[in-house]
Amino acid sequence: MNNRILVLSAQVFSVLFSPFYLPVVAFVALLWFSYLNLLPLGYKAALLAMVYAFTVVLPRLAIYAYRRVNGWTRHELGRRERRLVPYVISIISYGALLRLMQHLHIPAYGRSIIWGALLLEIICALINPFLKISTHAAAMGGIIGALIGFSQHYAFDPTGWLCLCVLLSGCVCSSRLILRQHTLPDVGWGTLVGLICGFVCVFIN
């Protein structure tokens, strides 16, 4: 019974903190906690809808179609040798979103979130032939890195939020281990890559 609860909890964490959703979460936090919360509600809703479309809807639909064409289950698609195309799909989608955001003159610190996600996907794709790096762990690491970067830009104390993000990152990484989707090196390297990407892309903008 305890094992079933543990596995169910791990599945819930894996779904709730899917890498697809974290750019949207980051934008929600940016619009809520920065001066951007003064923007009109309609503008904020349109911006979030755009980010959601390019980072969640389009990649997931394309990856789903790719999986169905090949007759693979979601678990079968997770094999290291089959992950390259999903990475390429995400990279193209994030790149298109960045181009659109530049055209719409979205502020650099807003684009830095997508830059971080794009850089993370590229590095994970390059590492994939050698290591099945955890994108769940990388995404959580990216949130931590971006939070540290924003705290340097805006000179605020991120301790409380940082503790929460680290705790959630530990839960997500543990869930990937419990579900046997990744090994300890997979989640360790994923967290490190995400942390560096998130921090660098926010700090230099």
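1. By class, the largest cavity is lined by 14 nonpolar, six polar and one charged residues. Here Ala, Val, Leu, Ile, Met, Phe, Trp, Tyr, Cys and Pro count as nonpolar, Asp, Glu, Lys and Arg as charged, and the others, Gly among them, as polar. Please keep in mind that this is a predicted model, in which local features need pLDDT of at least 70 and side-chain atom pairs count only at pLDDT 80 or more, while totals for chains, interfaces and linings use all residues. Residues are numbered from 1 along each chain as its sequence is written, and side-chain values use heavy atoms, with hydrogens and water left out.

2. How many cavities of 30 Å³ or more does a search of the whole structure find? The search finds one. A cavity is a set of points on a 1 Å grid over the protein atoms alone where a 1.4 Å probe fits but cannot get out; a pocket is an open set with protein on both sides within 12 Å along at least five of seven lines; lining residues have an atom within 4 Å of a point. The volume of the largest cavity is about 240 Å³, a volume being the space filled by probe spheres set on the points, which are joined across faces, edges and corners.

3. The lining of the largest cavity comprises 21 residues, with Ile113, Gly116, Ala117, Ala139 and Gly142 nearest the centre. Two or more lining residues come from each of α2 (22-33), α6 (108-127), α7 (135-154) and α9 (184-203), and α6 gives the largest share, six residues. Helices are DSSP runs (H or I, at least four residues), numbered from the N terminus.

4. Now to the packing around α6. The axes of α2 and α6 come within 10 Å and cross at roughly 160°, which makes α2 roughly antiparallel to α6. Axes are lines fitted to C-alpha atoms over the stretch in contact, with angles from 0 to 180 degrees between N-to-C directions; angles over 145 degrees count as roughly antiparallel. The crossing of α2 with α6 is right-handed, that is, the near helix is turned clockwise from the far one by less than a right angle.

5. In that contact (heavy atoms within 4.5 Å), Pro23, Ala26, Phe27 and Leu30 of α2 face Tyr109, Gly110, Ile113, Ile114 and Ala117 of α6. By class, these residues are eight nonpolar, one polar and no charged.

6. The axes of α5 (84-103) and α6 come within 9 Å and also cross at roughly 160°, so these two helices are roughly antiparallel to each other. The crossing of α5 with α6 is left-handed, the near helix being turned anticlockwise. Their contact has 13 nonpolar, four polar and two charged residues.

7. The largest pocket holds about 950 Å³ of space. Of its 28 lining residues, Ser18, Phe20, Arg74, His136 and Arg176 are the closest to the centre. The lining divides into 11 nonpolar, 10 polar and seven charged residues.

8. The second largest pocket holds about 690 Å³. Ala26, Ala29, Phe33, Leu147 and Trp161 are the closest to its centre among 23 lining residues. Its lining has 22 nonpolar, one polar and no charged residues, and α2 supplies the largest share, eight residues.

Definitions and conventions:
Parallel < 35°, antiparallel > 145°, perpendicular 65-115°, else oblique.
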